[in-house]
Structure formats: C-alpha cells, structure tokens
Amino acid sequence: MSENTAQQAKYIRLAAMVALSGNAVLATMKIIAGFISQSVALVGDGIDSSTDVLISVMTLVVVTILAKPADTQHPWGHGRAETIATAGLSFVIFFAGAQLIFNALANLWADIHTPVPSMVTVIVLLISIIGKILLAFNQYMLGKRANSAMIMANAKNMAADVLISLGVLAGFGIAYLTGSGHADGIMAVLIGAWVIKTALDIFRETYLELMDGNNDMEHYQIIVEAVNAVEGASNPHRARMRRIAGFWDIDLDINVDPHITVSEAHKIASRVEREIKKRLGDVYDIVIHIEPCGDDAAEAFGLSEAEMDKRGEKVVAG
C-alpha cells in the first residue's frame, strides 16, 4: 500500500466511524419521537439517518478493500471500490426518498391528520439539526483531506439532511400556527423530492468517473503548460485523464527531436512527469509515450493540444 493510499484510508475510516456513531444516536431519537408524535415526516427523517448508518458500515467495508495493494488481478489497485460504493450510496438515498414520498402520499390520500407536535418533539428535531450540521462539516473536512468522492458525497448527503430536518421543523410550525393535519404530509413529500435530487446528483458524478469521464477540463491545460515548460518536449496529444479513488491516472504522448538518443528522450519524459506531478498533485500514475517530431498521424482517441486549450478556454469563460 502506498503512503497516499494509507493516509486516505485512515481519513475515510475516521469519517465513517464519526458518521456511524453520530447518525445512530440521531436516528434513534428521531424515530422514537416520530412514532410518539405520529409524524410521518419525522419518522422519515429518522429513517434517512438510519440509511446514513448503513452507509457508514458500507464505507468501513470499502476502506478495507481500498487499502489492499495492487495484485495480478487488479494491477491498478482497488480504488474503484470507492466509486462503486458511492454509486450504491446514491441508490440507498434515492429509495429512502421514494419511500418517504410514498408513505406521505398514502397518508394524504387516506386523509390521515397528524397531531400538532409536542415541545419535546421540537427539541429532538433541533438537536438533530445541530448534530447534522456538525456531522456535515466533519465529513466535508475529512473528505477533503482524504480526497475521497465517497466521503464528499456523504457530506452532501448530511447537508441535505439538515434541509430535511429544517423542512420537518417548518411543517411543525405550519401545523402549530394553522392547526392543519396535512402540513406534515405535504412537507414529507417535498423532503422526499429533495432527497431524490441529492441521490441523482451523486449518481451523475459517480457515473462520469465509472465511465472514465472528466469534467475538470482545466486540468488538461495544466498538462499542456507542464509539457511546454520542459525543454525538448512539445505537442502534448492523445491526453487522457481519469480518476481512481481521488487520484489522477494520466496517459500522454509528447514529441521530441528524432535525432536524440533513447536515453535522452527518456530523461525528457521523466522531467515532464515530474513537472505534471508538481503542478497537478494527487497523481496515481503517468504513462508518457515518446514520438518523433513530424509524426502527425491522426489519433483515434485522446485530446490534442488544440482541443485541451479549447476546452480549457471554455471552462475559464464559463
């Protein structure tokens, strides 16, 4: 296991343990209070926190796989385990939101009126909001340190949970002020829709990584600048970048003088590699292919220098 991977696994494991313990306490409080107050929205909020407990358990399993060194069956390591787990996380969040909407609509259809919540229920909800804010901040900070898409996705999920709890609190307020027995159910439907949106956003990001896609086009410009900064290297092309567990895997072709020795060409490629790592950071691996200047054969895949510059300009303009 590399030093970077070991450090990443450490932060992911810590984030999972904090999320597991915090969400277990909050979920228990909200579900009990929800049943006592007969609030579908609060029970749904508690169920959402329960899924966060399952997510934390899944994260602990994933980090064990992630920490394994590369082997003959997995020469690129086991980093994709995190991406797959993040996709799974999005499905868990999606079905939690769908179930919440289904239960709320069923109660509204049956014309079930929810009693006005007690002060104890409101206090439980306020404690939950504070707890979720602290957990979201903790997951965000640890996710940044670990450079982990899975933990950052969980941080977004925690932030969405804060909005969920605020929505439940708003429903309680409307019920108290108007005496309406349907406010809780309507708010539960809106909360469920927000949960589903969060799930779709997470899945969209994960899908891009699973397909070896990349929206960070400004990073291609960094590659162009790194190549052009090395004397003897030119025309970066067939450039491809993909993410593996938060680290960049890069393939790149460059042109060199056709009359220099293989040893000299190798030294130029090594300098390009060091320059990219210095400018980009979080690099898992770089493969640089050497071609002689003047070899301008059409390439079937990868980005040319002109394409990288063009995409980078679009990012800056946007």
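1. A salt bridge here is a side-chain nitrogen of Lys or Arg within 4 Å of a carboxyl oxygen of Asp or Glu. Both residues lie in helix α6, four residues apart, about one turn of the helix. Helices (H or I, at least four residues) and strands (E, at least two) are DSSP runs, numbered from the N terminus. Lys197 is partly exposed at 42% relative accessible area, and Asp201 is partly exposed at 25%. For these labels, buried means under 20% relative accessible area, exposed over 50% and partly exposed in between (1.4 Å probe, protein chains only).

2. A word on the basis of these remarks: this is a predicted model, in which local features need pLDDT of at least 70 and side-chain atom pairs count only at pLDDT 80 or more, while totals for chains, interfaces and linings use all residues. Residues are numbered from 1 along each chain as its sequence is written, and side-chain values use heavy atoms, with hydrogens and water left out.

3. Back to the charges: the structure holds eight salt bridges. One of them joins Glu273 to Lys277, at 3.2 Å from N to O. An α-helix has 3.6 residues a turn, so residues three or four places apart point the same way. Glu273 is partly exposed at 25% relative accessibility, as is Lys277 at 40%. Salt bridges that share partners also join Glu225, Glu275, Lys278 and Arg279 into one network.

4. Please look at Asp249 and Arg242 as well. Their side chains meet in a salt bridge of 2.8 Å, N to O, and both residues are buried.

5. Next comes the largest nonpolar core, which has 23 residues. The term covers buried Ala, Val, Leu, Ile, Met, Phe, Trp, Tyr and Cys residues joined through side-chain atoms within 4.5 Å. Ile250, Leu252, Ile254, Val272 and Ile276 touch the most other members. At least two residues each come from α7 (218-228), β1 (234-244), β2 (247-256), α8 (262-280) and β3 (283-292). Helix α8 gives the most, with six residues. A second, separate core has 20 residues, including Leu42, Leu125, Met187 and Ile202.

6. What does Ile250 contact, leaving aside its neighbours within four places in sequence? Its partners are Ile223, Arg240, Met241, Ile276, Leu280, Val283, Asp285, Ile286 and Val287, where contact means heavy atoms within 4.5 Å.

7. Asp45 deserves a look of its own. This residue is found in helix α2 (residues 40-66) and counts as buried, at 0% relative accessibility. Not counting residues up to four places away in sequence, Asp45 touches Lys30, Leu125, Ile164, Ser165 and Val168. The C-alpha atoms of Asp45 and Leu26 are separated by 9.6 Å, the two residues being 19 apart along the chain.

8. There are two aromatic pairs. Rings of Phe, Tyr and Trp (its six-membered ring) pair if their centres lie within 6.5 Å; planes under 30 degrees apart count as stacked, over 60 as edge-to-face and the rest as tilted. Phe91 and Phe203 are edge-to-face, at 5.5 Å centre to centre and 70° between the planes. This pair links distant parts of the chain, with Phe91 in helix α3 (residues 80-109) and Phe203 in helix α6 (residues 183-210), 112 residues apart. Phe91 is partly exposed at 44% relative accessibility, and Phe203 is partly exposed at 32%.

9. In the other pair, Phe94 and Phe95 have ring centres 5.5 Å apart and planes at 90°, so this pair is edge-to-face. Phe94 is partly exposed at 28% relative accessibility, whereas Phe95 is exposed at 55%.

10. Finally, some backbone points. Helix α4 (residues 119-146) has 28 residues and reaches 40 Å from its first C-alpha to its last, close to the 40 Å expected at 1.5 Å a residue; the expected span is 1.5 Å times one less than the number of residues. Just after α4, Asn147 takes a positive phi of about 50°. In strand β1, Asn235 has a positive phi of about 50° although it is not a glycine. Arg238, also found in strand β1, has a positive phi of about 50° and is not a glycine either. Asn235 is partly exposed at 27% relative accessible area, whereas Arg238 counts as buried at 19%.
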